[in-house]
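I am opening my notebook on this structure and will write down each thing as I look it up.

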Amino acid sequence: MLDNIRIVLVETSHSGNIGSAARAMKTMGLSHLYLVAPRQAIDEQAIALSAGAEDVVKQAVIVDSFDKAVADCSLVVGTSARLRHLQNTLIEPRKCAMKAVEAVKSGQVAIVFGRERIGLTNEELLKCRYHLTIPANPEYSSLNLAMAVQLVCYELRMAFLSVKEMSLSLSTIGKIYPNFSDIEHFFQHTERLYTELGFIQNQSVMQKLRRLYQRAELEKNELNILRGMLSAVEKRIKSSS
């Protein structure tokens with residue numbers, strides 16, 4: 001199960017944080033690290049701070065965009081502060097871990113951590129089905145990147161052990177979910193058609209539609225139906241013109 005879960009770090013500023021995150025991952029049995037446009041290359045400091053997790057660091061997949069890091073994932077979770085417009089999709093580490101362990105039955109899972117100073121952008125957050133928030137002390141919620149990765153990886157391991165040892169019956173068995181690229185193509189198709197029809201006149205509409213469809217947790221066959229509906233409307237428009 002843990003082999004199907006990746007940790008994604010976006011535009012990491014300090015190479016040492018890469019090593020520290022890798023160490024946090026390996027202690028909990030995770031090994032797949034993705035780096036999106038890191039600001040510093042993997043260097044001696046990254047290796048030193050990995051403290052024995054050198055293999056995780058050296059095998060890290062480096063890509064130049066958020067989309068490429070999660071393209072083949074059926075569940076994408078982005079870390080976030082408690083933002084008001086994300087209340088419906090906020091999830092805490094323990095519940096997130098259970099959802100992740102369930103989701104690996106049908107595909108890859110990505111847990112995405114943003115930039116050290118500013119986190120993930122609103123555009124990136126809208127591409128995530130859930131938004132992970134750590135319920136730290138509101139009077140002092142200062143967690144560095146490696147601490148956050150360690151905490152989340154711990155919960156992932158506990159969820160994995162719970163499923164393994166108790167032989168829990170997972171509700172998602174038999175369900176197949178679309179990957180990130182399929183979902184993005186659907187959103188692009190939706191925006192293009194609805195804009196042509198005059199329904200979408202500003203970006204806020206599309207943002208709300210994104211949140212609606214993400215909450216629905218569309219299965220692959222359901223997404224295919226929606227894509228077919230869009231294509232049928234496009235065909236009717238063309239035949240009428």
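I began with the largest pocket, and in this predicted model the space lying in it comes to about 720 Å³. I then looked up what surrounds that space, and found that 26 residues line the largest pocket. Those that lie nearest its centre are Thr79, Ser80, Ala81, Ser141 and Leu143. When I sorted the lining of the largest pocket by kind, I wrote down 14 nonpolar residues, eight polar ones and four charged ones.

By kind, the lining of the second largest pocket divides into three nonpolar, three polar and four charged residues.

My next entry concerns strand S6, which covers residues 108-113. Is this strand mostly covered or mostly open? I noted that S6 is mostly covered, since five of its six residues are buried. I then looked up its partners, and found that S1 runs parallel to S6 and is joined to it by five bridges, with Val8 standing opposite Val112 in S6. Strand S4 (residues 73-79) also pairs with S6 in the parallel sense, over five bridges, and here I found Val76 standing opposite Ala110 in S6.

I went on to helix H5, which holds residues 93-103, and asked which of its residues are buried. The buried ones are Pro93, Cys96, Ala97, Ala100, Val101 and Ala103. They lie on the same side of H5, because the arc they cover around the axis is only 160°.

I then moved to the loop between S1 and H1, where Thr12 lies. Why does Thr12 count as buried? Its relative accessibility is 2%, and the cut-off for buried is under 20%, so Thr12 counts as buried. Leaving aside its neighbours within four places in sequence, I listed the contacts of Thr12 as Asn17, Ile18, Pro38, Arg39, Gln40, Glu116 and Leu145.

Glu11 also has its place in the loop between strand S1 (5-10) and helix H1 (15-27). I looked up its backbone angle and noted that Glu11 has a positive phi of about 45°, although it is not a glycine.

My last entry is on Ala51, which I found in the loop between helix H2 (44-50) and helix H3 (54-58). Its phi is near 50°, again a positive value in a residue other than glycine. Is Ala51 buried, exposed or partly exposed? I wrote down partly exposed, because its relative accessibility is 48%, and that class lies between the cut-offs of 20% and 50%.

How values were computed: Residues numbered from 1 in each chain as written. Predicted model: local features only at pLDDT ≥ 70, side-chain atom pairs only at ≥ 80, totals over all residues. Heavy atoms only, no water. Helix = DSSP H or I, 4+ residues; strand = E, 2+ residues; numbered from the N terminus. Buried < 20%, exposed > 50% of the residue type's maximum accessible area, 1.4 Å probe, protein only. Pairing = 2+ DSSP bridges. Arc of directions from axis to C-beta. Contact = heavy atoms within 4.5 Å. 1 Å grid on protein atoms, 1.4 Å probe; cavity = no way out; pocket = protein on both sides within 12 Å on 5 of 7 lines; lining within 4 Å. Points joined across faces, edges and corners; volume = space filled by probe spheres on them. Nonpolar A, V, L, I, M, F, W, Y, C, P; charged D, E, K, R; others polar.
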